Structures are given as C-alpha cells and as structure tokens.
Amino acid sequence: EAALDLVGIEKGYNRGKPSEVIVLRGATLSVARGEVVALVAPSGAGKSTLLHIAGLLDTADGGAVRHGGRDMTGLSDRSRTEARRADVGFIYQFHHLLPEFSALENIVLPQLANGLGQREAEARARDLLARVGVAGRADHRPAQLSGGEQQRVAFCRALANGPKLLLADEPTGNLDPATSDQVFGALMDLVRETGLSALIATHNMELAARMDRVVRLDQGRVV
Ligand code: ADP
Ligand code: ADP
C-alpha cells in the first residue's frame, strides 16, 4: 500500500463563526513508497494545513488519513503522537534547530529521546552530516553555520529517527536561489539514498520539476 493516503480531507478554521474559513474541500492524494511528490499552491491555499494533517499534527474535520495503509483517523491523541514520532519527519522553511546545541547534538538528541544509545546516535548523526556535505561542521552551533548549512543539519535531524514519510514545507524557501538549488539537491540525494517517501511543498517550479510528480492544491482540492 501507499506510504501516505489522504482521502477526501475536509478542514476549516473557526467553523460556525463569522471568521470561518474552509481550507480543504475533499482533498485526495496518495504518495507511493519511495515516491517524492511536489505540492504546489499559492500562499494561503492550505499547504501547511494539508501537511499538518498528513503528519498527524492536526486532525481533519472529515476524510481519512492512512500511513502505510494503516488508518490514522480514529486514533486517540496519545496514539496519534506515537504514530507521528514513529512515522514522520518534518522540515520547515526555518530550521528550528536548538541554538545552544551543536549540529551533532541537534541530531543526536531526538535519537536519545527515541531510546537509542549515545554511541549509536552519534554514529548515525555523523553519517547523516557526511551525506549532506557538512561533516566538518558537526561541532558548530547553528549561529556559526550559514543558512544553507543550517538547513542541511535540519534535514539530518528530520531523518534522525528513520521516518517512513518526510513532509517538508518550503524546505529551501529561506535561501537565495543558488544555495536553494544546492541544498535541495542534497535533500533529494538523501531522500533517494534512504528510499524515503516524501511530500514537499514548494512555490519553486524548477524544484518541483525535479520530483517524481507535481500536484496542485486548488480551491481546497488536489488536482
Ligand atoms: P499555505 O501553507 O498554503 O500558505 P495554510 O494552510 O497556512 O496555507 O493556510 C490556509 C488558510 O487557512 C489561510 O487562509 C490561513 O489564513 C488559514 N488558517 C491557517 N491556520 C489557521 C488557524 N489556526 N486559524 C484560522 N485560520 C487559519
Ligand atoms: P512534541 O514532542 O513537541 O509533540 P515531537 O518531538 O514528536 O513533538 O516532534 C515531531 C516533529 O513534529 C518534529 O519535527 C517537530 O518539529 C514537529 N512538531 C511538533 N509539534 C509541532 C507543532 N505544533 N507545529 C509544527 N511542528 C511540530
């Protein structure tokens, strides 16, 4: 079965109030195992809302979410959090690395929280950093890294616990075009090497064209 199925997702905010906004109106989308799908839409169309529902950070008002064929729709908050931690890696436009910790520590900490030992976690962190070309920056804190390096470290952190599904919201949107291009290349190499399934929201049509498939969010539906 698919890595991700979103079936007829409905979502609104402030329902029943004058400020009501209906964002998703039956959005349906599947990401096959190992597939990298670009999600393209103008700002405000609901990309973040869709990614948060796909990643179990938020719940839909209607429709179904499945991870690897497993229905996530009726889960308790606790089970949903557990499933999110086990299944999903998130990447955002801004990296949200912990400023007081080194690049290495930022990748080690989520693994320790997940029950791995220090040595194993550190070995995995160093391997990930090397794969995205920042092995030499392991002991630097985020403020000592360039924007592109910070984002590469954030990719490693998102993959630290071996998620099955990667969800990214404008992962290089904060970088200048040349850096964005390189950093996106590093992300794609990492995704391909690990056989990850990914849904990546972007405004950038050149980046979208480098993925397996491009879908658009239009009037609350995926087209
Ligand atoms: P995108 O990521 O495509 O820019 P979002 O999913 O962030 O779009 O937002 C879609 C729409 O939902 C926007 O009109 C936004 O203002 C609205 N919205 C998002 N989150 C909330 C919220 N928590 N409360 C009310 N409206 C929201
Ligand atoms: P928490 O312990 O805060 O619930 P986790 O440690 O399970 O979160 O985090 C899993 C992923 O979900 C991380 O990549 C984190 O950045 C993201 N995440 C957690 N909560 C939110 C949120 N409210 N908004 C956006 N992303 C979040």
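The shell around ligand 2 divides into three nonpolar residues, no polar residues and two charged ones, where Ala, Val, Leu, Ile, Met, Phe, Trp, Tyr, Cys and Pro count as nonpolar, Asp, Glu, Lys and Arg as charged, and the others, Gly among them, as polar. This is a predicted model, in which local features need pLDDT of at least 70 and side-chain atom pairs count only at pLDDT 80 or more, while totals for chains, interfaces and linings use all residues. Residues are numbered from 1 along each chain as its sequence is written, chains are lettered from A and ligands numbered from 1 in the order in which they are written, and side-chain values use heavy atoms, with hydrogens and water left out.

The residues that surround ligand 2 are Leu-57, Arg-84, Arg-85, Phe-90 and Tyr-92, a residue being near a molecule or strand if one of its heavy atoms lies within 4 Å of it. Polar contacts are pairs of N or O atoms within 3.5 Å; within protein, one atom must be able to donate a hydrogen and the other to accept it, and residues adjacent in sequence count only if both atoms are side-chain atoms. For Arg-84, an N or O atom of the side chain is 2.7 Å from an oxygen atom of ligand 2, and a polar side-chain atom of Arg-85 likewise lies 2.7 Å from an oxygen atom of this ligand. A nitrogen atom of ligand 2 has a polar side-chain atom of Tyr-92 at 2.5 Å. Of the 530 Å² of accessible area that ligand 2 has on its own, the protein covers 46%; accessible areas come from the Shrake-Rupley method with a 1.4 Å probe, and for residues only the protein chains shown count as cover.

Ligand 1 is surrounded by residues that include Tyr-13, Asn-14, Val-21, Val-23 and Pro-42, together with Ser-43, Gly-44, Ala-45, Gly-46, Lys-47, Ser-48 and Thr-49, and this shell divides into five nonpolar, six polar and one charged residue. Strand 2 (21–31) and helix 1 each supply at least two residues of the shell, with helix 1 giving the most, three residues; helices (H or I, at least four residues) and strands (E, at least two) are DSSP runs numbered from the N terminus. A backbone N or O atom of Gly-44 lies 2.7 Å from an oxygen atom of ligand 1, a polar backbone atom of Lys-47 is 2.8 Å from an oxygen atom of the ligand, and a side-chain N or O atom of Ser-48 is 2.7 Å from an oxygen atom of the ligand. The protein covers 59% of the 570 Å² of accessible area that ligand 1 has on its own.

Helix 1 (residues 47–54) is mostly covered, six of its eight residues being buried, that is, under 20% relative accessible area, with exposed meaning over 50% and partly exposed in between (1.4 Å probe, protein chains only). The buried residues are Lys-47, Thr-49, Leu-50, Leu-51, Ile-53 and Ala-54. Leu-56, which follows helix 1, has a positive phi near 65°.

Strand 3 (residues 36–40) runs parallel to strand 9 (residues 213–218) and is joined to it by four bridges, two strands being paired if DSSP finds at least two bridges between them; in this pairing Ala-38 stands opposite Val-214. Strand 9 also pairs with strand 10 (residues 221–222), in the antiparallel sense, over two bridges, and Leu-217 stands opposite Val-222. Two residues lie between the strands of this hairpin, in which Gln-219 takes a positive phi near 55°.
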